[in-house]
Amino acid sequence: MSLRPSRLLIVDDNEMNRDMLARRLARKGYVIGLSETAKGLLPRVKEDGIDLVLLDIEMPDVTGLDALKTLRDSYSSIELPIIMVTAKNQSDDIVKALDMGANDYLTKPIDFPVALARISTQLSHKRAQEALRESEERYALAARGANDGLWDWNLLTDALYFSPRWKAMLGFRENEIQDRLEEWFGRIHDADRERVKDEIAAHQKGLTPHFESEHRLLHKDGGFRWMLSRGLAVHDAAGKTSRMAGSQTDITERKVSDPLTGLPNRLLFIDRLGRLIKHSKRRKDHLFAVLFLDLDGFKMINDSLGHLIGDQLLVGVANRLEKCLRSTDTVARLGETFTVARLGGDEFTILLDDIKETADADRAAERLMTALAAPFVLAGKEVFTSVSIGIALSNAVYDQPEEMLRDADTAMYRAKSLGKARYEVFDADMRASVMARLQLETDLRRAIEREEFRNFYQPIVSLESGHIVGFEALLRWQHPTRGLLGPEEFIFVAEETGMIRDLGWWSLREACRQMSEWRAHSDTYLYLTISVNLSAKQLLQPHLVGEMKDLLRELALPPEHLKLEITESAVMADPAAAAEVLQQIKALGIRLAIDDFGTGYSSLSYLHRFPLDTLKIDRSFISGPGENAEGMEIARTIMPMAKNLHLDVVAEGVETIDQVTLLKRLQCKYAQGYYFSKPLEAAEVMPLLSEPTWQMQKQAK
C-alpha cells in the first residue's frame, strides 16, 4: 500500500474559507487541491488521485448535494470519503447528505481541531479498509494459485460456507451443494468420519495448535478422493469457539501413488479390491484374482549393487509388468480391467478382474515370470531376477480386501519355500497351515511368560577314556496340550519373530546355572564343560559380550567351562562382524565350536579366520551303512584337517557300536548321541555322572 501523503480536495465558492483551511491542512502534511465550483469534480478526483473531499453544501450552479450524488455514483464511501461543510442552521441538508452517502460533516465557522480529527478518522478508516481488501485479494489469489478450496464455519449458526473450488473438487457446480455442515460430514468416508470429528473437537478445545486432517470425501462420480483439510478456530472473549475457517487440498494422487514407480500404492489397491469384493457379493458369477509378487534375491542386488540400482530395477519391473499384462491374450480381451500396484520394497500386487476361468490367473502368472526372467540392463550391467507369485481367487468367504491379500501373500511364501521362481494358488491346506503357524507363535509368546521351557542335557563322551567330559544343553518346550516338543517344532518361528533372543538367553543362563550347581556338588565334576547353542541373531546383539561376562561372574563359572556352538550359516551371514564378536568372546576365555560342520559353506578358508576350538560334524556323515559310506569319507577327510588346525572334533548323532569303532579308528576324540544317552533332564544327570567310565569302551573293543 502507498505511503504518499493523503490528497484532499476542498470545494468551496468562498475564496477566504478555501485558502485559510488549505494553508492549515497543508502544514499538517496533506496535499491540497482547491475548487471554487462543484462542476466537473468527478474527472478532477480521478486525475489528481484524491483521497478525501471537503464539500460545501451551498454552492452556485451545482449544489454540494448534487455533486455528492455524482461522486457516489462512481465511488463508495470507503473508496472516497466525503465530509460535507454547512452552516449550523442547515440541519435538514446535513441529514439528507448523510442519507446520500456522506461520511461526516463540519459546520461553519470550522473548528480546525475538530475538522482535523474527523479528516484523520475517515482517512484511517479508508486505509484500514484498503489494507483489508488488499489482504483478502492476496489470500484469494494465493488460494486460487494453490488450487485449494476454502471453507468457513460459523459455529454459532452452524452455517458453513464452501468456495466454488471446494465444490468443484468433488465434481459439483456452485448451486449443487448447500451451505450446511452435513454437506461436508455426510460425504466423509465411514472409516474416517469419527476421527475427523475428534480432530476438530481437539482443536476447538485448544489441544492442537491448528486443525489438520487427511480423509476421504465422496465424489459426485461415486468414488472417494483423498483431501487434506486445514483450519484455525476463532474464540470469543469467554474462550468459546465461535468460528473455524480453513482450506481443502486434493491429495489423492500423493496418497494413492507409489512415488518411485508411479504405480498405484497399497492404499489404492486395497480400495479397488474392496469395491470388487462388494460388487462380487451382488454378482455371484463374477470371478477375479489377486496375484502377490515378490522378487527373488532382491536384497542381494540392493546390497551388492547399491540402492540406486535397486530402485532402477524396481522401476524396470513395474514397467515390464504393465507391458506384459497389456500384451497378454488373457488380459487383452478384458480391456483395462487390471491393476498393477507396488505395496512397498520388492512386493507388487496385481488385480485381475472379470477373468473367465481360474486358469486365466495361472496363465497370467506364467507370462509374468517369463517376462521378468529376461535380464535388465542397469548402469551398463545385466541384472537378473526372478519372481515368486502367490494367487488368491475370488471367493464368497472374503468380506475384507485385506483377507484376500493376506491369502495371496501366504501362497507367495509357499512358492518361495518350494524353491522360488514359481507360483502357487492359495487353498484350504494353506489356510490350515497359516492358522497353525499363528497359533504356534501365540503359544510361543505365552510360553516365555509362563516359563514352559526346559533344558535337557546330552552327555559328550571321550572316545579314548570313556568318561563324560561335558554336556550339550538342548532346549525343549513343555507345551501344555501337545506335550514335550523338540526344537524342530518351534525354533524356526522363534527365529522369524525374533523371540530367539529371549529364548536363547534363557537357555544359556539356565545351562550356566546348572553347570555351576553340578560343579559345587563335587570336586570330581570340576572338569566338565557345558555347550550351548548360540543363534545368528544372538551373536550380533550389541551387548552380548558384556552380558555374558556379567553372567559368568554372577554364577562364578570359569569361562573355559562354557562352550558356545555356532552354525556355519550364522558366522557366514556377516563374516567380518561375526569374527569381531567371536574374538571378543574368546578374549573372555569362553570356548567356541562350529556346529554341524560340513553342512553349510564347508569352506576351509574361514576356519583360520575365527578363533575356534572345536568342530562338530553332523550326524549325516556317520549315519551311512558301513565304512565306505560317502559321509564317512567326508568325516575321514575332516579329522586330519582338524588336527592340523589344532581343533577338537565331536561327532554328533552316534547311535551304533560300529560308528563308535570307526570314529575311534579315525582318531575322533569325542562323540555324543543316543548310543551313549538320550538328552536328560537335569535331575537324571547326577546318577549318570557317578559311573566311573562309559560302558561303550568294552563294547567298542
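I started with the secondary structure of this predicted model, and I counted 26 helices and 26 strands in the protein.

**Overall dimensions**

Next I looked up the radius of gyration. The protein has 44 Å, whereas a compact globule of 701 residues would have a value near 27 Å. I then checked the extent of the C-alpha trace, and along the principal axes of the protein it spans about 150 × 65 × 55 Å.

**Burial and contacts**

How much of the protein is made up of buried residues? I find 47% of the 701 residues. For the contacts, I took residues at least 6 apart in sequence, and 62% of those contacts join residues at least 24 apart.

My entry for the accessible surface of the protein reads about 35300 Å², and carbon and sulfur atoms hold 51% of that.

**A closer look at T86**

T86 sits in strand β4, which runs over residues 82-87. Is T86 buried or exposed? T86 is buried, because its relative accessible area is 1% and the cut-off for buried is under 20%.

Which residues is T86 in contact with, leaving aside neighbours within four places in sequence? I noted I57, I94, L106, T107 and K108. So my page on T86 pairs a place in strand β4 with a relative accessible area of 1% and contacts that include I57 and K108.

Note on methods
Residues numbered from 1 in each chain as written. Predicted model: local features only at pLDDT ≥ 70, side-chain atom pairs only at ≥ 80, totals over all residues. Heavy atoms only, no water. Helix = DSSP H or I, 4+ residues; strand = E, 2+ residues; numbered from the N terminus. Rg over C-alpha atoms; globule rule 2.2 N^0.38 Å. Buried < 20%, exposed > 50% of the residue type's maximum accessible area, 1.4 Å probe, protein only. Contact = heavy atoms within 4.5 Å. Areas by Shrake-Rupley, 256 points an atom, 1.4 Å probe, with all protein chains shown as cover.
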